[in-house]
Amino acid sequence: MTTRREQILETAAALFAQHGFHGVSIADLGAACGFSGPALYKHFRGKQAILSEMLVSISEELLREGRQRVRDAGDDKAALESLIAWHVDFALAHKPLIVVQDRDWSALPLEAREKVRDTQRKYVDVWVKVLRSLHPEMTLAQGRATVHAAFGLINSTPHSALVSDDAMRPILTGMAFRALLP
């Protein structure tokens, strides 16, 4: 069951993706959630707090799940397969969040921006560690560049998903494998 807070975050992501952070008012967000704008203040201090929680919490979820998938994998190739599957599923399910992070990054307060950056660096490093185990000759910088490029490919879903998610999933998964395991 979705909590009121989760409903607000999900609705805000969709509205921010469609209209931009600055193009959505508290009244717009409240109306989309089915209550008055001021009622949002029972759950969040304001729009920036909503944006902060949205991007910090999703970054933390990516890191937590990524670490768990590596722990649960039998070997490095299985870990990479699991990471790719997870990230592809995430990107297909959360297109609005990808748009919001790309476009509205500058609206994040500095503290939240630093938290998101730090958490995302740790998530990248989860991937890099697995990738470098599979490619021992790869430098840390090459590993990070490769992972960021693969994320760019996978996170293109708001723009590239011209077919259903079920049809897009194998396209993205195959491309990510070829990019990471040449």
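The model is predicted: local features need pLDDT of at least 70, side-chain atom pairs count only at pLDDT 80 or more, and totals for chains, interfaces and linings use all residues. Residues are numbered from 1 along each chain as its sequence is written, and side-chain values use heavy atoms, without hydrogens and water.

UniProt, in an unreviewed entry, places "domain: HTH tetR-type" at residues 2-62. UniProt positions follow the numbering used here, feature names are shortened, and annotations may be inferred rather than shown by experiment. This span is 66% helix and 0% strand, with its end C-alpha atoms 19 Å apart. Helices (H or I, at least four residues) and strands (E, at least two) are DSSP runs, numbered from the N terminus. The unreviewed entry also marks a "DNA-binding region" at residues 25-44.

Now the aromatic rings. Rings of Phe, Tyr and Trp (its six-membered ring) pair if their centres lie within 6.5 Å; planes under 30 degrees apart are stacked, over 60 edge-to-face, the rest tilted. The count is five aromatic pairs. Tryptophan 86 and phenylalanine 90 make a tilted one, 6.2 Å between centres and 45° between planes. The centres of tyrosine 123 and tryptophan 127 are 6.1 Å apart and their planes stand at 75°, so this pair is edge-to-face. Both residues lie in helix H6 (residues 110-134), four residues apart. Tyr123, Trp127 and Phe151 form one aromatic cluster.

Charges also meet rings. A charge sits over a ring if NZ of Lys or CZ of Arg is within 6 Å of the ring centre and within 35 degrees of the ring normal. Arginine 5 sits over phenylalanine 44, 4.1 Å from the ring centre.
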